[in-house]
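User: I would like to learn how to read a sheet and its side chains in a model like this one. Could we go through the features step by step?
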Amino acid sequence: MVKEALVAERERLFELLNEVPFLNPYPSHSNFILCELTSGIDAKKLKEDLSKTGVMVRHYDNKELKGYIRVTAGKPDHTNALMDCLRSLS
């Protein structure tokens, strides 16, 4: 039951992230979704902006993943909070 709920929420999160103009999410089979930032958006700044609202994402400093963030699939309320913040930045 928990696994099915997590998979369903991950799929919902992926579809919602696809709607964000400056994100390019990659399909995932884990509870994380890797997203490439486009339009010159800085991953570290995005992480800092989101953290001010209580939403946490992971960014990377290494060269290969510098323009990416990692989002965790969790509870629907967490997805909703993340999406509200991302939409306010669009």
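Analyst: Let us begin with a single pair of facing residues, keeping in mind that this is a predicted model: His59 stands opposite Ile69, which belongs to strand S4.

User: Which strands do S3 and S4 form a pairing with, and how many bridges join S3 to S4?

Analyst: As a general idea, strands of a sheet pair through backbone hydrogen bonds, and the pairing is either parallel or antiparallel. In this case S3 and S4 run antiparallel and are joined by 2 bridges. S4, residues 68-72, also pairs with S2 in the antiparallel sense, over 5 bridges, and within that pairing Tyr68 is the bridge partner of Glu36.

User: In what order do the strands of the open sheet lie?

Analyst: The open sheet has 4 strands in the order S1-S2-S4-S3, with antiparallel pairing. S1 and S3 are the edge strands, since each of them pairs on one side only. S1, residues 23-25, pairs with S2 over 3 bridges in the antiparallel sense, with Pro25 standing opposite Cys35, and a hairpin of 6 residues leads from S1 to S2.

User: How many aromatic pairs does the structure hold?

Analyst: The structure holds 1 aromatic pair. Because Tyr26 lies in the loop between S1 and S2 while Tyr68 lies in strand S4, the pair ties together parts that are 42 residues apart in sequence.

User: Is Tyr68 buried or exposed?

Analyst: Tyr68 is buried, because its relative accessible area of 17% is under the 20% cut-off. Tyr26, in turn, is partly exposed, with a relative accessible area of 33%.

User: Where is Ser39 found, and what is its phi?

Analyst: Ser39 is found in the loop between S2 and helix H2, and its phi is near 60 degrees, a positive value in a residue other than glycine. Ser39 counts as exposed, at 64% relative accessibility.

Definitions and conventions: Residues are numbered from 1 along each chain as its sequence is written. This is a predicted model: local features need pLDDT of at least 70, side-chain atom pairs count only at pLDDT 80 or more; totals for chains, interfaces and linings use all residues. Side-chain values use heavy atoms; hydrogens and water are left out. Two strands pair if DSSP finds at least two bridges between them. Buried means under 20% relative accessible area, exposed over 50%, partly exposed in between (1.4 Å probe, protein chains only). Rings of Phe, Tyr and Trp (its six-membered ring) pair if their centres lie within 6.5 Å; planes under 30 degrees apart count as stacked, over 60 as edge-to-face and the rest as tilted.
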